[in-house]
Amino acid sequence: MVVRLRWAVLVAALVLVAVGSTWGVGVFGQLTGGGFDDPASESSRAAERITRELGPQGADLVVLWSSDGPTVDEPAFRDPVTATVAGLRERPEITSVTTWYDTQAPGLLSTDRRATYALVQLRAADKDDKAAAYEELRPALATPGVRTEVGGATAALYESNVQTTKDITRAELLSMPVLLVLLVLIFGGLVAASTPLLIGGLAILGAFVAVRLVNMVTDVSVFAINVITLIGLGMAVDYALFVVSRFREELAAGHDTPAAIRRTMATAGRTVLVSGLTIALAMASLLIFPQAFLRSMGLGGMAAVLVAMLAALTVLPALLAVLGHRIDALRVPLPWRRGARGGRPAAGETGGVWARIAHSVMRRPVRYLVGVTALLLLLAAPILRMEFGGFDDRVLPASAEPRVVSERIAAQFPGSTIAPIDVLVSGVSPEQAQPFADRVAAVPGVTGVQVAANRGASTLLTVTYPGEPSGDVARDVVQALRALPAPGDAEVLVGGRPSVDLDLIDGLADRLPWMALLMAAAILVLLFLAFGSVVLPVKAVLMNLVSIGASFGVVVWIFQDGHFADLLGFTPTGFIEPSNPILMLAVLFGLATDYEVFLLSRVREEWDRTGDNTASVATALQHTGRIITAAALLLIIVVAGFATGEMAYIKLIGIGMIVAIVVDATLVRALLVPATMRLLGNWNWWAPGPLGRVYRRFGIRESDGPGPAAPERVVRQQDRARVAE
């Protein structure tokens with residue numbers, strides 16, 4: 001049908017491009033920059049109750065003034081700072097400004113008396129509105145004659161979003177030219193090489209339209225855009241590579257264009273369908289988390305991969321129907337490409353490096369299984385000591401002002417912290433809350449307790465501690481405070497930055513097993529419908545875990561332990577922020593299954609044709625090994641730009657994904673999977689009788705079916721594979 005309606009499909013694609021490049025890109029100005037909190041957590045409830053009962057509290061910005069000469073009480077320092085503060089207090093965006101000049105609080109004065117800082121509270125309640133207010137205020141914060149640096153939660157979030165956008169933009173600018181060159185080298189022609197980029201652009205623009213539609217009914221985080229550019233381009237390149245390669249193979253076999261497209265869609269097209277649904281379901285597992293930024297990345301990933309899949313199944317075949325043999329036009333002469341087919345293996349061809357690898361694995365499956373497994377376990381070993389921690393200013397570049405402010409206050413203002421723990425005591429008078437404040441002061445790790453506000457039966461205590469807000473001391477103090485019995489009939493809620501970090505870690509840990517269960521169950525069902533086997537889906541999940549485990553082990557070794565920190569340009573924190581591996585788990589589980597589907601689809605096709613398991617695995621690896629390797633290389637180029645970013649967590653995601661892709665496309669899919677399939681033999685295709693009937697009725701078959709002489713032989717082979725039933 002796509003061949004018949006090819007021009008209508010292409011016109012519809014152009015309409016989508018027009019809508020996406022105009023209305024769709026408007027999504028950038030509508031997405032939220034927050035979404036890190038769990039609305040049901042104690043820290044979120046504490047923040048909401050504090051605002052409701054006592055009004056806005058806490059500091060959104062920390063303005064640090066310092067000098068190499070005069071001290072804070074000399075006119076050269078004092079006069080410009082107090083003038084700036086007076087101007088800030090007249091700004092409608094600001095609720096309050098607290099300084100050392102007003103309070104003489106020792107915590108606001110550095111030990112050398114050449115630096116002080118102000119706590120600025122913004123009127124806006126929403127994080128996005130606060131970020132906008134900060135951007136508007138920045139010129140008014142500069143103080144002539146005194147060094148001015150701005151930090152605090154709002155400044156850190158703003159800087160993080162700005163730097164992340166810069167990192168991703170640079171990553172795309174670096175990867176696109178290299179990607180185009182590699183596509184030309186892989187396809188051997190400019191026309192064929194352009195198809196993945198066309199589908200990638202369509203996937204990204206289409207996903208922008210989808211996310212803007214979703215944003216009309218629920219808040220979506222700006223982090224959805226990051227996933228769209230990564231997954232949309234990466235999957236579009238993979239799918240276009242797979243479809244175009246199969247189409248050219250069918251043309252080389254002597255089929256005309258309509259027949260080649262039909263055969264391509266019956267084989268590669270169904271593989272793309274299974275892969276797209278699998279990755280979409282893997283990304284959908286992020287929707288179970290209460291944090292809006294994780295749900296948004298799930299929505300963005302689902303939109304990108306589904307649009308990429310639909311484009312590869314409709315727009316790309318329509319384009320191929322128009323091009324026909326002209327898909328090989330504008331060929332680039334490459335000395336290592338053989339003949340008109342450019343090195344593509346034809347049916348029955350037995351030569352080539354992938355054929356040699358396949359036959360080597362088939363002859364020595366135990367040796368490959370033991371060797372590869374030992375290497376992967378070695379890579380994964382550091383995961384056993386993975387430690388989790390909250391968002392840390394050290395993920396910012398060393399020169400970023402919010403990080404500089406945080407580090408200078410920690411070093412030059414003993415006993416001070418820009419992220420205190422908030423303790424709300426509700427239901428008793430301030431006098432009755434005082435004994436509880438004394439007990440809070442006695443908690444190990446607490447360096448100070450101050451009554452920050454009180455109104456009626458509500459009292460807010462601010463608690464200081466040594467070290468970082470995401471450090472072990474802060475976490476222990478929060479847990480100890482929550483364990484204290486409340487005074488009388490009062491209700492005590494513990495909030496503040498350290499509490500948010502602790503609640504984030506606990507909340508993610510609680511939902512992670514459910515995420516893994518949903519992801520594995522969805523993939524097991526889909527792969528069973530694709531391959532008609534109970535064994536292969538289970539083995540695919542286990543193989544995915546092995547490759548992802550190796551990636552996580554390398555991430556811990558580098559980013560938690562600090563290896564190559566100077567070379568890669570980041571500051572090790574001694575822990576991993578937990579949302580990063582959760583995002584990686586969803587993306588990598590889908591990508592690993594993507595390569596598994598590519599390989600097993602061809603194995604199933606050969607099995608249906610011959611009924612010979614060993615020959616099917618060898619032939620499938622011979623035909624798909626080059627494509628899987630090329631797809632992995634292209635995806636690495638898409639991801640590699642992330643590793644050059646200034647933000648530590650962007651580097652972490654980039655390097656972690658590169659390791660996983662390399663391991664999965666080489667050690668796992670090319671060696672470990674064929675070796676296990678060789679050892680399992682016909683058991684690969686085993687399914688109990690009822691499930692076998694389900695597959696025969698509802699299965700997503702990879703080809704139109706075995707040839708005229710094959711059905712009885714295949715049925716006999718499948719019956720023998722079910723001998724244990």
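Reader: Which strand do seven bridges join to β6, and in which sense do the two run?

Author: This is a predicted model. In it, β6 has a partner strand that covers residues 458–464. Seven bridges link the pair, and the two run antiparallel. The strand joined to β6 is β7.

Reader: Which residue in the turn between β6 and β7 has a positive phi?

Author: β6 and β7 form a hairpin. Two residues lie between the strands. The one in the turn with a positive phi, about 60°, is G456.

Reader: In what order do the four strands of the open sheet with β6 and β7 stand?

Author: The pairing in this sheet is antiparallel. Its edge strands are β6 and β8 (491–496), each pairing on one side only. Neighbouring strands are turned by 20° against each other on average, direction ignored. The order is β6-β7-β5-β8.

Reader: Which helix lies across β5, β6, β7 and β8?

Author: Take the helix of residues 42–54. This helix runs at about 105° to β8. Its name is α2.

Reader: What angle does the direction of α16 make with that of β5?

Author: Helix α16 covers residues 472–483. This helix packs on the sheet and touches β5, β7 and β8. With the direction of β5, the direction of α16 makes about 10°.

Reader: Why is one side of β2 and of β4 left without a neighbour in the sheet?

Author: These strands belong to an open, antiparallel sheet in the order β2-β3-β1-β4. β2 (94–98) and β4 (147–151) stand at its edges. One side of each has no neighbour in the sheet because each has a single partner strand.

Reader: Which residue in β4 does V63 stand opposite?

Author: β1 holds residues 61–66. β1 and β4 pair in the antiparallel sense over five bridges. Opposite V63 stands V150.

Reader: Which helix packs on this sheet, touching β1, β3 and β4?

Author: The helix spans residues 401–412. Its direction makes about 100° with that of β4. The helix is α14.

Reader: At what angle do the axes of α18 and α22 cross?

Author: α18 covers residues 535–560, and α22 covers residues 648–680. Their axes come within 8 Å. The crossing is right-handed. The angle is roughly 145°.

Reader: How many nonpolar residues does the contact of α18 with α22 have?

Author: The contact can be split by class. Five residues are polar and four are charged. The nonpolar count is 20.

Reader: Which element gives the largest share of the largest nonpolar core?

Author: This core has 168 residues. Those with the most contacts inside it are M235, Y239, L286 and I327. The largest share, 21 residues, comes from α22.

Reader: Is N226 buried or exposed?

Author: N226 sits in helix α8 (residues 223–252). Leaving aside neighbours within four places in sequence, N226 is in contact with T164 and I168. Buried means under 20% relative accessible area. N226 has 17% relative accessibility, so it counts as buried.

Reader: How far apart are the C-alpha atoms of N226 and L202?

Author: Along the chain, N226 and L202 are 24 residues apart.

Reader: Is L330 buried or exposed?

Author: L330 is found in the loop between α11 (315–323) and α12 (353–363). L330 has a positive phi of about 55° although it is not a glycine. Exposed means over 50% relative accessible area. At 57%, L330 therefore counts as exposed.

Reader: What is the phi of F564?

Author: F564 lies in the loop between α18 and α19 (565–568). With a relative accessible area of 47%, F564 is partly exposed. Most residues other than glycine have a negative phi. F564 is not a glycine, yet its phi is positive, about 65°.

Note on methods:
Residues numbered from 1 in each chain as written. Predicted model: local features only at pLDDT ≥ 70, side-chain atom pairs only at ≥ 80, totals over all residues. Heavy atoms only, no water. Axes fitted to C-alpha atoms, helices over the stretch in contact; angles between N-to-C directions. Left-handed = near helix turned anticlockwise from the far one by under 90°. Nonpolar A, V, L, I, M, F, W, Y, C, P; charged D, E, K, R; others polar. Core = buried A, V, L, I, M, F, W, Y, C linked by side-chain atoms within 4.5 Å. Buried < 20%, exposed > 50% of the residue type's maximum accessible area, 1.4 Å probe, protein only. Pairing = 2+ DSSP bridges. Contact = heavy atoms within 4.5 Å.
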